[in-house]
Amino acid sequence: MKLINKKNMLGFLAVILTYAIAGFLIDKGFIDSYIFLNIVLIGINIILAVSLNLITGFTGQFSLGHAAFMSIGAYTSGILTAKLGLPFWVGILGAALLAAVAGIIIGIPTLRLKGDYLAIATLGFGEIVKIIGLNTDYIGGATGLNDIPRYTTWTWLYFCVVVTVLLISNFIKSYKGRACISIGEDEIAAEAMGVNTTYYKVLAFTLGSFFAGIAGALYANYFYFIKPDSFGFMKSIDILVIVVFGGMASIKGSILGAVLLSLISLFLQGIPELRMVVYAVILFLIMVYRPQGIIGKGEFKLFKKRGGLNANNQSK
Amino acid sequence: MEQLIQQLVNGVSLGSIYALIALGYTMVYGIINLINFAHGDIYMIGAYIGFALTTFLHLGFFPALILSMLLTSMLGMVIEKVAYKPIRKSTRIAALITAISVSLFLEYGMMYFVKPETRTFPEVLPNKQISIFNTSAVLDIKNIYILVVTITLMLILQYVIYKTKVGKAMRAVSLDSDAAQLMGIDINKTISYTFAIGSALAGAAGVLVGSYYNSINPLMGVVPGLKAFVAAVIGGIGVIPGAVLGGFFLGFTETLVSAFGGSLYKDAVAFAVLILVLLIKPKGLLGRNIREKV
């Protein structure tokens, strides 16, 4: 397949145009800091959801510890930029690499576990990272790490989101990506076909952690301030909810899910006392009435070809 | 040495509480393969019911305990009927998120009704301390109450599961629900009973903790819920003696870590033990290994 074809060029143009228009609106003050804050949150959620989708949606490995990799990234970038005064790109790169190394270290032993047991082990790992963060004085302990320079701009955010989405969606179309998908479909069958399941599971896990680290760096360098409690069990659940809500094994679903859920939680801020109750009810209704997510498994096409049964209709 | 004895006494109480909550987790998992994240919140609601009964109705410890167990068992059945029945056939991940949504609903719904502040549980147990072997380590009467209540409840549970028809049905459904159904067992009823029994145990744990530590709040169930779940997994989830073993094991580990000066890291140690156990024996200490089938 040629790299330069009509579809790719159109996509490229759309990406550049979105960037330019939004950049213009921010420069001219049409998008105020409050809206931009929410755009940053949406962007970070997109990176987190897409990277978790690679682990949970495509490769089928239940992870309840994704926020831990984000926190490793956030703290790494925080230390590199605030304490050592290094530029932002070093922060992002360091965050991503350290999170990926953590992913390898955690992935190799725990990915032997399956299903619920893996979920529990990753949950435990997430809590351990949080507790270590709470008790390390160098990074501020429970009071958190302060005075991180604000480097996250629209350019950095947009660049990171686009790179994450592009790399992961190209990865799953590659030879290695197909191996990961085969594990997600049926691990035993994949193994029988000669797929080195351990290798590909760890690979997917490491890649996912790498991008979670980037999301952490963006987060830390936007909010000036991070504390270990922000990256607890609930944050991991939030990311998982986005993935499931958008649709497992669907990149577009994850993006749409991140946008929609961020908007939902934005609107719920109007009713602070009942916010979590309503959120819980929404989650419940989604799981009961649309457990396959808004898009469902597989990629969603804007203009569907006619004919052929929709898989979602079949299952009902 | 004295501190060690003291910590062991505390370990027994903490372990009993974990074991009581872990039993509910393990029973529910054994029967419908669902990690019931809302279980820790049922424990919290049990504590609040105990609080209301002793503060406003001035009931004694035992009537409050029994009433609270009855009410939480009803709550457990309602939760199962409303929330878990519709998702029984859906994927694991959807079931997991549903359980989390129920948990959030109970926590924050409760917070809305009773306000987030910490409440003081009335002194319903005699406050007497006995020194052990003439050392400075003391045994609180409350510790004995907790242990006696826990053991009594476990004996009753043992009787229900192995000697009654309901228990037989539960064991059958957890072994093979399709075959159980063919044998004429009403699956829905059995699942309801399981939730009722598990929730009653959690409710009892809530009242015990309330009267032991004298303070309750709407988020008190989150951490013990997770820990009890860890205990259930360490013992082998789905295996009833495993939950008790795991509960006491975790209680002792935590208090010993605190005794040796690592109290800040006690939660981390609990999770580290969990990961270690899972890596060495993936089905838990007492779990059976099931062969992989295609």
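## Helix packing and chain contact in a predicted model

A:Trp156, A:Leu157, A:Cys160, A:Thr164 and A:Phe171, which belong to helix 6 of chain A, meet A:Leu207, A:Phe211, A:Ile214 and A:Leu218, which belong to helix 9 of chain A. By class, this contact of helix 6 with helix 9 of chain A has eight nonpolar residues, one polar residue and no charged residues.

**Chain A as a whole**

- Chain A has 13 helices and zero strands, so that, read from the N terminus on, its elements run α-α-α-α-α-α-α-α-α-α-α-α-α.
- A compact globule with 316 residues would have a radius of gyration near 20 Å, and chain A agrees with this, because its own value is 20 Å.
- Taken along the principal axes, the box that the C-alpha atoms of chain A fill is roughly 55 × 50 × 45 Å.
- Of the 316 residues in chain A, 47% are buried.
- If one takes the contacts in chain A between residues at least 6 apart in sequence, 78% of them join residues at least 24 apart.

**Helix pairs in chain A**

- Helix 6 of chain A, which covers residues 154–171, packs against helix 9 of chain A, which covers residues 197–223, at an angle of about 170°, and their axes are 11 Å apart.
- Angles over 145 degrees count as roughly antiparallel, and helix 6 and helix 9 of chain A are therefore roughly antiparallel to each other.
- Helix 2 of chain A (residues 33–58) and helix 10 of chain A (residues 233–246) have axes that come within 9 Å and cross at roughly 75°, which makes helix 2 of chain A roughly perpendicular to helix 10 of chain A.
- On the side of helix 2 of chain A, the residues that take part include A:Asn45, A:Leu48, A:Ala49 and A:Leu52, while those they meet in helix 10 of chain A include A:Ile239, A:Leu240 and A:Val243.
- The contact of helix 2 with helix 10 of chain A divides by class into seven nonpolar residues, five polar residues and no charged residues.

**A helix pair in chain B**

- In chain B, the axes of helix 1 (residues 2–32) and helix 8 (residues 187–213) come within 9 Å and cross at roughly 165°, which makes helix 1 of chain B roughly antiparallel to helix 8 of chain B.
- The crossing of helix 1 and helix 8 of chain B is left-handed, and the residues of their contact divide into 18 nonpolar, five polar and no charged.

**The contact of chain B with chain A**

- The contact takes 32 residues from chain B and 33 residues from chain A.
- Helix 4 (92–114) and helix 11 (266–280) of chain B each supply at least two residues of the side of chain B that touches chain A, and helix 4 of chain B gives the most to that side, with twelve residues.
- By class, the side of chain B that touches chain A has 24 nonpolar, five polar and three charged residues.

**A residue after helix 11 of chain B**

- B:Lys283 lies in the segment that follows helix 11 of chain B, and B:Lys283 is partly exposed, because 18 other C-beta atoms are within 10 Å.
- B:Lys283 and B:Gly30 are 253 residues apart along the chain, and their C-alpha atoms are separated by 13 Å.

Note on methods
Residues numbered from 1 in each chain as written. Chains lettered and ligands numbered in written order. Predicted model: local features only at pLDDT ≥ 70, side-chain atom pairs only at ≥ 80, totals over all residues. Contact = placed C-beta atoms within 7 Å. Helix = DSSP H or I, 4+ residues; strand = E, 2+ residues; numbered from the N terminus. Nonpolar A, V, L, I, M, F, W, Y, C, P; charged D, E, K, R; others polar. Rg over C-alpha atoms; globule rule 2.2 N^0.38 Å. Buried ≥ 20, exposed ≤ 12 C-beta atoms within 10 Å, placed from the backbone. Axes fitted to C-alpha atoms, helices over the stretch in contact; angles between N-to-C directions. Parallel < 35°, antiparallel > 145°, perpendicular 65-115°, else oblique. Left-handed = near helix turned anticlockwise from the far one by under 90°.
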